[in-house]
Amino acid sequence: MTTPLALFVGMPGFELTPSETAFFREANPFGLFLFRRNLETPEQIRHLCAQFREAVGREDAPVYIDQEGGRVQRLDNGNWPLFRPLGNFGALARKDLELGKRALRLSTLAMGSMMAELGIGSGTTPVVDLARKDTHDVIGQRAFGDDPELVTALGRVVVDAMLEVGEMPIIKHIPGYGRVSVDPHFDCPIVDAGVEDMRDTDFRPFVALRDAPWAMVAHLIFTRIDSERPASVSPIVCDMIRKDLGYDGVLITDCLTMEALTGTWPERVRAALDAGYDIALHSQGDLAASEAAAKAARPLSTQSLARIDRANKRLGSDRVDVQALHAEVEEIFRENGFA
């Protein structure tokens, strides 16, 4: 069997067309990344996941989505319960740490089980960036708060609970988005903070959670580390993540079609992999764009495959009653004065 490409791609609809199936069969990208445009009903999602896995010839081929809770949850069309943003759990934990951790664990188990039942392998969560008063709202309520110790403690809850139900936790956005003042979907954030300052603050949750199996890399320029290239295409930042932060899990970029980056989309894929990251995420969804990205990608390295294998061996298989746990979480919030 050929080694998969170090690439996640998207697709435009609710099922694969013959042309898309042929592309996946020939190119063999490692994974598929889905958005609302791909998610209609439980039966349709399970069928789409099966189509992709059959096309690439790997029963364990990953299918991931963004499902953090709050405004970043793709399963939100009325067929599934709506989950609270991580910021709500941070607020509850500041009132009562153990209660906040318990509510977050229950919510994570429910959301993870819900995705697992659909054939989806990750919601690319938790966000462990620090959300300050002046942090751009692109983070906002997606984060637990601005206290590195609290963020770490709650991030650990999500990592452990996701693994328990067989979902791949992905800590993001390493090495930290907490100081961004612009939205990387539209512009490139510039951070001038010193490295020692960052080690004392933004880097701390990522260092403490360096045993997490996967991490997603940020699109922003740290002028004191690499003044020319965003982190997601910077070999200097990649080296820092591996050595200074001590992270040896799977590193996947954030979506490379964001306006924070320059160059053609295939050039961005090549730059991210040249920088040393394990996997490039190119989830735009157009077949022609995916074909171009695949031509720019390369097979997963032996080292990347070993990291992926280590991560997969940590996945459990428990399931919970999604509706019951979700209702219990909502009752906890109501009892503690949250709307």
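With which residue does Asp202 form a salt bridge? The partner of Asp202 is Arg132, and the closest N and O atoms of the two are 2.6 Å apart. A salt bridge here is a side-chain nitrogen of Lys or Arg within 4 Å of a carboxyl oxygen of Asp or Glu. Asp202 lies in the loop between helix H6 (195-200) and helix H7 (204-208) and Arg132 in the loop between H4 and H5, so the pair ties together parts that are 70 residues apart in sequence. Helices (H or I, at least four residues) and strands (E, at least two) are DSSP runs, numbered from the N terminus. Asp202 is buried, with a relative accessible area of 1%, whereas Arg132 is partly exposed at 24%; buried means under 20% relative accessible area, exposed over 50%, and partly exposed in between (1.4 Å probe, protein chains only).

The model is predicted: local features need pLDDT of at least 70, side-chain atom pairs count only at pLDDT 80 or more, and totals for chains, interfaces and linings use all residues. Residues are numbered from 1 along each chain as its sequence is written, and side-chain values use heavy atoms, with hydrogens and water left out.

In the whole structure, 25 salt bridges are found. One of them joins Arg84 to Glu330, with 3.0 Å between the closest N and O atoms. Arg84 lies in the loop between strand E5 (72-73) and helix H3 (86-95) and Glu330 in helix H12 (residues 322-335), so this contact ties together parts that are 246 residues apart in sequence. Both Arg84 and Glu330 are buried. Another salt bridge is formed by the side chains of Arg105 and Glu164 (2.9 Å, N to O). Arg105 lies in helix H4 (residues 97-118) and Glu164 in helix H5 (residues 148-164), so the parts tied together are 59 residues apart in sequence. Arg105 counts as partly exposed at 35% relative accessibility, as does Glu164 at 27%.

Twelve aromatic pairs are present, a pair being rings of Phe, Tyr and Trp (its six-membered ring) with centres within 6.5 Å; planes under 30 degrees apart count as stacked, over 60 as edge-to-face and the rest as tilted. The rings of Phe89 and Phe333 have centres 5.2 Å apart and planes at 80°, so the pair is edge-to-face. Phe89 in helix H3 and Phe333 in helix H12 are 244 residues apart, and both are buried. The charged end of Arg84 sits over the ring of Phe333, 4.2 Å from its centre (NZ of Lys or CZ of Arg within 6 Å of the ring centre and within 35 degrees of the ring normal).
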